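This report describes the fold shown below, moving from the chain as a whole to helix pairs, loops and nonpolar cores.

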Amino acid sequence: MFIPQNKSKRLSLDKIGQLEEDLELNPLDYNKWQKLIDQLIIKDNQEQVRNTFDKYLKIFKFDGASWCKYIKYELNRDEKEKVENLFQQCLGITDNVELCRLYVDYVRGVTDFVTGGEKARGVVVQAFEFAINKVGIDITSESLWQDYIQFLQSWNPNANWEQQQKIDLIRKVYKKFLTIPTENIEVSWSQYTKWENELNPATASKFISEKSGEFMLARSWNTEFNRITDKSLKRNLNPGDHNDEDVVKQLKYWLRWLELEKENKLELKDETVNDKRIQYVYKQATYALPFVPEIWFQYVKYLLVQNEEGNLQESIRLLKEGGLVLNRKSMLLTFQLAELYERDNSFNNAKIVFKNLLDALQKDYNSVANQIAELKERIDPATDKDNIQEDDDDNEEEEEDNDNDNDNDNGGDSKQQPPSKKLKLNPNGGQNGSNSENNGEAVSAPSSSSVKLPQVYRISLADSKQLLSFENEQKRLSDAITLTYVKFMIASKRSEGIKEARNVFKQARKFTDIGYQIFIESALLEHYSDKKSTALKIFDLGKKNFATNGKFLLNYLDYLIMINDVDTMRTVIQSSDANFTKEIGNLQEELKLTNLDPITRKKLEKQITNLKKFLKQLYKTYISFAATFLSLDVTHSFAKKCEQLFPKDDPIDLFTDRYKLDNINIIKKDELGRDDILTSFDGIIDEEELQRLKRRKLSNGGGSSSSYSFNEEESKSAVKNIEEQKTRIQQEQDQENQGINKSEESFVGPSIIALMSALPNASYFGLPSESVFNSEKLVTLFANLSNIPSQ
């Protein structure tokens with residue numbers, strides 16, 4: 001980071017200094033790097049320009065356009081030695097058509113054809129061959145091929161054998177060129193056929209026919225390429241990530257191009273040539289979309305599939321020097337590289353990779369935590385107490401000065417209804433004063449019919465939304481850190497044993513917001529290392545930290561079931577009952593506050609719902625275990641307790657829950673006509689499915705509830721109801737029309753009204769995603785009904 005005193009001296013007009021400061025904080029900001037480089041080139045401070053280019057190209061080393069800009073900058077100053085050093089650096093790193101053209105132009109420029117003769121021409125030909133071998137398969141490489149052909153055509157040989165050598169060289173270049181699909185391949189083909197015919201019409205057809213088949217394949221490939229990419233594929237560097245709509249679109253095009261190459265539409269017989277084309281496209285994709293981890297992952301995966309042992313080091317280098325330099329917080333690439341190091345028996349390097357990711361994530365987490373702390377400090381409800389005290393003091397002063405205080409009847413504590421000259425708002429949003437003064441006359445408080453004053457919340461909606469956004473981001477980072485520690489611990493166990501895994505677990509617990517999953521995974525590692533007593537201790541430690549975390553407790557209960565520890569199971573259920581009940585009570589008390597904003601209220605309600613849901617599932621899990629492996633007395637005892645906790649629940653649900661087959665409630669499905677709700681892996685009902693069930697329940701007289709699907713029989717009944725209601729609807733319509741002017745009649749006919757009244761609620765048709773409205777079928781239905789009003 002910059003030295004603090006430099007920040008204070010920074011002027012608003014110092015664009016270069018501001019850009020440098022920003023890049024110190026975020027060195028991956030491509031756009032600001034480009035702005036800084038452009039500003040420095042205008043300023044023309046050679047040393048500063050060089051330093052900036054060097055810093056930038058250490059990060060974006062594959063950016064061919066910036067290498068070209070750097071080299072041209074040095075060429076304008078005739079720094080040939082510097083230019084040659086730059087070419088040596090970049091040509092082994094990146095594949096770029098314009099960079100290769102610049103290299104060939106430089107070689108041509110420094111080569112003396114007058115004194116060099118054949119040797120000089122040979123040097124340039126070697127430069128062209130190098131460039132062609134490097135980027136000649138690129139779809140945009142036509143300009144490089146044309147440069148090569150024009151160079152050969154500009155040669156004026158003296159001897160006949162030299163003339164024939166020139167023709168052979170040109171024909172050889174054309175034969176390579178026209179088998180590669182480039183943007184204007186048809187124009188290049190016409191150019192070639194013209195050249196052959198002008199050279200020797202007798203032999204032209206022979207040479208042309210030899211390459212026509214490959215040309216046709218290349219032209220067809222080019223047509224297919226334009227179709228799958230919509231002619232919209234961008235080759236320049238895109239600094240966006242997967243959240244950028246344009247990046248998502250470009251990624252789709254690149255993946256389509258890769259699939260096209262893998263299908264070998266050019267019918268290349270040599271697999272190495274086809275492999276070269278595929279790898280070239282992968283490289284170009286990483287150049288264009290460097291901040292998309294998926295591309296890097298797919299590239300490495302392809303290399304390993306082709307030759308795992310031979311490409312292992314190349315894959316490591318690719319991720320270490322490319323993918324993770326630009327995607328430092330990518331868990332996908334971190335875990336991929338860590339596995340490669342583990343295969344390469346260099347786990348110390350894998351440790352460094354894990355720790356780098358943890359450092360980057362924790363830095364972001366701390367930043368968000370500080371933002372949350374600052375926001376909470378600003379909106380801390382404790383400050384309201386000071387405001388209330390100040391209001392009370394003001395009210396006391398007003399009471400002393402109020403001439404009409406004998407006429408005011410507060411009817412209670414002054415804190416509840418303090419007399420005031422001005423109308424005040426209580427936290428409930430209501431009016432906090434009963435009287436006011438208006439021209440010396442007492443006026444009563446506005447009646448209920450008056451305009452209502454806006455609700456006053458303890459926290460503003462804007463602050464509440466911002467706080468929720470920060471908390472969601474904090475939760476995302478906490479989950480990412482927990483996942484990284486979990487996988488780091490597991491990898492340590494594989495490579496270095498249980499002691500190293502314990503060290504990682506110890507380190508993970510220092511993170512204040514570590515997830516419950518680290519305790520579960522650590523306990524299981526101990527269990528499968530024949531350390532069952534240690535596993536129980538870790539679970540018990542986790543229970544102290546996550547006493548009301550339903551997911552942790554369900555996993556704990558499953559583990560206890562696995563090892564058949566009945567006593568501990570009973571203890572977990574009883575302690576969870578007490579902890580959950582206490583937590584639910586605290587949240588319900590908080591909900592009673594009248595000045596809660598809607599977002600906070602909804603969050604509290606969701607927490608209460610989840611606590612009840614998990615507590616119920618804990619009981620169900622234990623009841624099912626008791627019914628299967630213990631006794632009915634234990635089963636009925638805990639079932640009774642569960643029914644007391646959830647008296648409004650259908651007892652059939654609790655009873656049939658322990659009579660499932662493969663986690664499917666066949667009794668409810670076959671005998672009660674209810675769709676059994678699918679549960680997630682941890683046994684918790686999906687919230688959306690739960691809401692659908694509630695909408696589908698119909699109350700009976702006895703207080704119990706049942707649900708059913710709108711099946712085929714009911715569909716027939718609905719159609720029958722339409723016919724039965726026609727007469728009644730028509731009679732009612734006729735009676736209404738007697739006193740209504742014809743121009744005021746509704747355009748909706750009685751048949752449609754009857755249909756709408758007979759149709760069931762939309763929730764009967766399942767999830768919204770499953771209930772697609774079909775307008776054509778509805779129109780067909782209406783067309784087949786009688787009594788449709790005419791125009």
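## Chain overview

The chain contains 34 helices and four strands, where helices (H or I, at least four residues) and strands (E, at least two) are DSSP runs, numbered from the N terminus. This is a predicted model in which local features need pLDDT of at least 70 and side-chain atom pairs count only at pLDDT 80 or more, while totals for chains, interfaces and linings use all residues. Residues are numbered from 1 along each chain as its sequence is written, and side-chain values use heavy atoms, with hydrogens and water left out.

Of the 791 residues in the chain, 40% are buried; buried means under 20% relative accessible area, exposed means over 50%, and partly exposed lies in between (1.4 Å probe, protein chains only). Taking contacts between residues at least 6 apart in sequence, 60% join residues at least 24 apart, with contact meaning heavy atoms within 4.5 Å.

| Helix pair | Axis distance | Angle |
|---|---|---|
| α2 (residues 15–25) and α3 | within 10 Å | roughly 150° |
| α4 and α5 (residues 64–75) | within 11 Å | roughly 160° |
| α9 (residues 118–135) and α10 (residues 142–153) | 10 Å | about 160° |

The angle between α9 and α10 makes the two helices roughly antiparallel, a class that takes angles over 145 degrees, whereas angles under 35 count as roughly parallel, 65 to 115 as roughly perpendicular and the rest as oblique. The crossing of α9 and α10 is left-handed, a term used if the near helix is turned anticlockwise from the far one by less than a right angle, with right-handed used if clockwise. From α9, Arg 121, Val 124, Val 125, Phe 128, Glu 129, Ala 131, Ile 132 and Val 135 meet Leu 144, Trp 145, Asp 147, Tyr 148, Phe 151 and Leu 152 of α10. This contact comprises 11 nonpolar residues, no polar ones and three charged ones, where Ala, Val, Leu, Ile, Met, Phe, Trp, Tyr, Cys and Pro count as nonpolar, Asp, Glu, Lys and Arg as charged, and the others, Gly among them, as polar.

Helices α4 and α5 are likewise roughly antiparallel to each other, and their crossing is left-handed. On the α4 side the residues in contact include Phe 53, Tyr 56 and Leu 57, and on the α5 side they include Trp 67, Tyr 70 and Tyr 73. By class, the contact of α4 with α5 holds seven nonpolar, two polar and four charged residues.

The crossing of α2 and α3 is also left-handed. Among the residues that meet here are Ile 16, Leu 19 and Leu 23 in α2, together with Trp 33, Leu 36 and Leu 40 in α3. The contact of α2 with α3 divides into six nonpolar residues, one polar and six charged.

## Loop residues

Asp 44 lies in the loop between α3 and α4 and, although it is not a glycine, has a positive phi of about 60°. Its relative accessibility is 42%, so Asp 44 counts as partly exposed. Asn 45 belongs to the loop between α3 (30–43) and α4 (46–59), and counts as partly exposed because its relative accessibility is 33%. Leaving aside neighbours within four places in sequence, Asn 45 is in contact with Leu 40 and Tyr 73.

Thr 111 sits in the loop between α7 (97–110) and α8 (113–116), and its relative accessibility of 16% is why Thr 111 counts as buried. With neighbours within four places in sequence left aside, Thr 111 is in contact with Ala 120, Val 123 and Val 124. The C-alpha atoms of Thr 111 and Val 123 are separated by 8.0 Å, the two residues being 12 residues apart along the chain.

A further residue other than glycine with positive phi is Asp 230, with a value near 55°, in the loop between α13 (201–229) and α14 (245–262).

## Nonpolar cores

A nonpolar core is a set of buried Ala, Val, Leu, Ile, Met, Phe, Trp, Tyr and Cys residues joined through side-chain atoms within 4.5 Å. The largest such core has 144 residues, of which Phe 60, Phe 87, Ile 518 and Phe 552 touch the most other members. A second, separate core of 35 residues includes Cys 100, Val 107, Phe 177 and Tyr 280.

Note on methods. Axes are lines fitted to C-alpha atoms, for helices over the stretch in contact, and angles run from 0 to 180 degrees between N-to-C directions.
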